[in-house]
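Colleague: I would like to learn how to read the features of a model from its coordinates. Could we proceed feature by feature, with the general idea stated before the case at hand?

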Amino acid sequence: MRLDQLVAAALTPEYSRSQAARMIKAGCVTLNGEPTRAAAALRRGDRVAITPAPPPPSLPPPESAPAIDVMFADTELIVVNKPAGMTVHPAPGNPHSTLVDALLARFPELAAMAEPDGVMRPGIVHRLDKETSGVMVVARTPFARTALSRQFKDRTVRKIYLAIVRGVVARDRVTIARPLGRHPTERKRMSVRSRNPRDAVSHVTVLHRFADREAPATLVRVRPETGRTHQIRVHLASIGHPCLGDPLYGGGNPTRGADRPADANFGRQALHALTLTLTHPRRGERLEFIAPLPLDMADYLAARSLDTSASTINQWAHNE
């Protein structure tokens, strides 16, 4: 047995194997009195010691912590409607005003959920791109973190996105099954032509076609089976219909304007995580959350006289 397997088994259900590996890397686990690797093989008679991670530093709420729309919260879960333009957690180039900052300011006890190696991603079990808006779930306890991570891994979490894409999508339904990985030469991009792809499947349903002669576009509903980085954006671009306003996969900067009038409505990719359906870690019941349309998408649809009432959005969320 590997060391990380033993540690994960000893700490289940609060800690997963990946979290056990981070504890080992952080020096919270020793083998025969010495720090070692997560992959170290155990033998009869070995002594494994697990010590608690040091308490996280006291973090005052960031002065510039942004406000966040909390859709639901109980002792295990926090569900938020992430706005476009907000990074989920601190990263190079985006150290402040993140979703994590907003959560710590409102739920300071989440600081205790920091990883043993000091990485501040408390309760984060999935992510949305910075410029993608919509519903996200955050774990409030180690037990919920492990249970939710398992649901995402087992693909039992149901996700529905809305996207406004360039051009008129001809078919009413399209299943895109194209493996994704890092672009062969551009490391910030993902691609269906990667040298090391992983399976990726997205189901696309046309909701409305805007047959504008100058700026044709289509409102689509996307249900991803998998959760690869940039999956929906890359898949839509791969069939010739990138999200409006997507500077990375849409063929250029949308703010240039005149050559792509449809894109001028958006300063970011027109992609919104509409619904998230999951199983509550403790109660076992299925929960569904629907995030309201962001202002830019709502204005775009209203300007084209498309009904965006609650009943219509409910149909978009549920009709395959």
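Colleague: Which residue stands opposite I290 in β14?

Modeller: Strands of a sheet pair through backbone hydrogen bonds, either parallel or antiparallel. In this predicted model, the residue opposite I290 of β14 is T275. The strands concerned, β13 (residues 271–279) and β14, run antiparallel and are joined by 5 bridges. Together β13 and β14 form a hairpin with 6 residues between them, and in the turn G284 has a positive phi of about 80 degrees.

Colleague: Which side chains of β14 point to the buried face, and which to the other?

Modeller: In a regular strand the side chains alternate between the two faces of the sheet. Strand β14 covers residues 286–290. Strand β8 can be read in the like manner: V174 and I176 form its covered face, while R173, T175 and A177 form the uncovered one. The pairing of β8 with β11 is antiparallel, through 5 bridges, and I176 has S202 of β11 as its bridge partner.

Colleague: What is the strand order of the open sheet of 3 strands?

Modeller: The order is β2-β1-β3, with antiparallel pairing. The edge strands, β2 (34–35) and β3 (48–50), each pair on one side only. Helix α1 (residues 3–11) packs on this sheet and touches β1 and β3; the direction of α1 makes about 50 degrees with that of β3. Between β1 (residues 29–31) and β2 there are 2 bridges, and T30 has P35 in β2 as its bridge partner.

Colleague: Which residues of α1 are buried, and where do they lie around the helix?

Modeller: An α-helix has 3.6 residues a turn, so residues three or four places apart point the same way. In α1 the buried residues are L3, D4, V7 and A8. Seen down the axis of α1, these buried residues fall within an arc of 130 degrees, so they line one face of the helix. The exposed residues A9 and A10 are carried by the face turned away from that buried side. The cover over the buried residues of α1 includes α2 (17–25), β1 and β3.

Colleague: How many residues of α5 are buried, and what covers them?

Modeller: Helix α5 is mostly covered, with 6 of its 8 residues buried. The buried residues are Q231, I232, R233, V234, H235 and L236. Several strands contribute to the cover, including β7 (158–166), β8 (173–177), β10 (190–191), β11 (201–210), β12 (217–224) and β13. Just after α5, G240 takes a positive phi of about 85 degrees.

Colleague: Is R268 buried or exposed?

Modeller: The test is a relative accessible area under 20%. R268 has a relative accessibility of 4%, so R268 counts as buried. R268 is placed in the loop between α5 (231–238) and β13. Two polar links of its side chain can be followed. The side chain of R268 reaches the backbone oxygen of E131 at 3.1 Å, and a polar contact of 3.4 Å joins the side chains of R268 and S133. Apart from residues up to four places away in sequence, R268 touches A84, E131, T132, S133, L244, G245, D246, P294, D296 and M297.

Colleague: Why does A147 count as buried?

Modeller: A147 counts as buried because its relative accessible area is 13%. A147 is placed in helix α4 (residues 142–154). The C-alpha atoms of A147 and V125 are separated by 9.7 Å, and these two residues are 22 residues apart along the chain.

Colleague: Which residues touch the most other members of the largest nonpolar core?

Modeller: In this core of 49 residues, I78, V80, L99, L103, V137 and V220 touch the most other members. Another core, of 19 residues, lies apart from it and includes A217, L244, L293 and A298. Leaving out residues up to four places away in sequence, I78 touches V70, F72, A73, L103, F107, L110, M136, V137, V138 and R140.

Colleague: How many helices and strands does the protein have, and what share of its residues counts as buried?

Modeller: The protein has 7 helices and 14 strands, and 47% of its 320 residues count as buried. Among contacts with a separation of 6 or more, 63% are between residues 24 or more positions apart.

Technical notes: Residues are numbered from 1 along each chain as its sequence is written. This is a predicted model: local features need pLDDT of at least 70, side-chain atom pairs count only at pLDDT 80 or more; totals for chains, interfaces and linings use all residues. Side-chain values use heavy atoms; hydrogens and water are left out. Buried means under 20% relative accessible area, exposed over 50%, partly exposed in between (1.4 Å probe, protein chains only). Helices (H or I, at least four residues) and strands (E, at least two) are DSSP runs, numbered from the N terminus. Two strands pair if DSSP finds at least two bridges between them. A nonpolar core is a set of buried Ala, Val, Leu, Ile, Met, Phe, Trp, Tyr and Cys residues joined through side-chain atoms within 4.5 Å. Contact means heavy atoms within 4.5 Å. A polar contact is a pair of N or O atoms within 3.5 Å; within protein, one must be able to donate a hydrogen and the other to accept it, and residues adjacent in sequence count only if both atoms are side-chain atoms. Axes are lines fitted to C-alpha atoms, for helices over the stretch in contact, and angles run from 0 to 180 degrees between N-to-C directions. The arc is that of the directions from the helix axis to the C-beta atoms.
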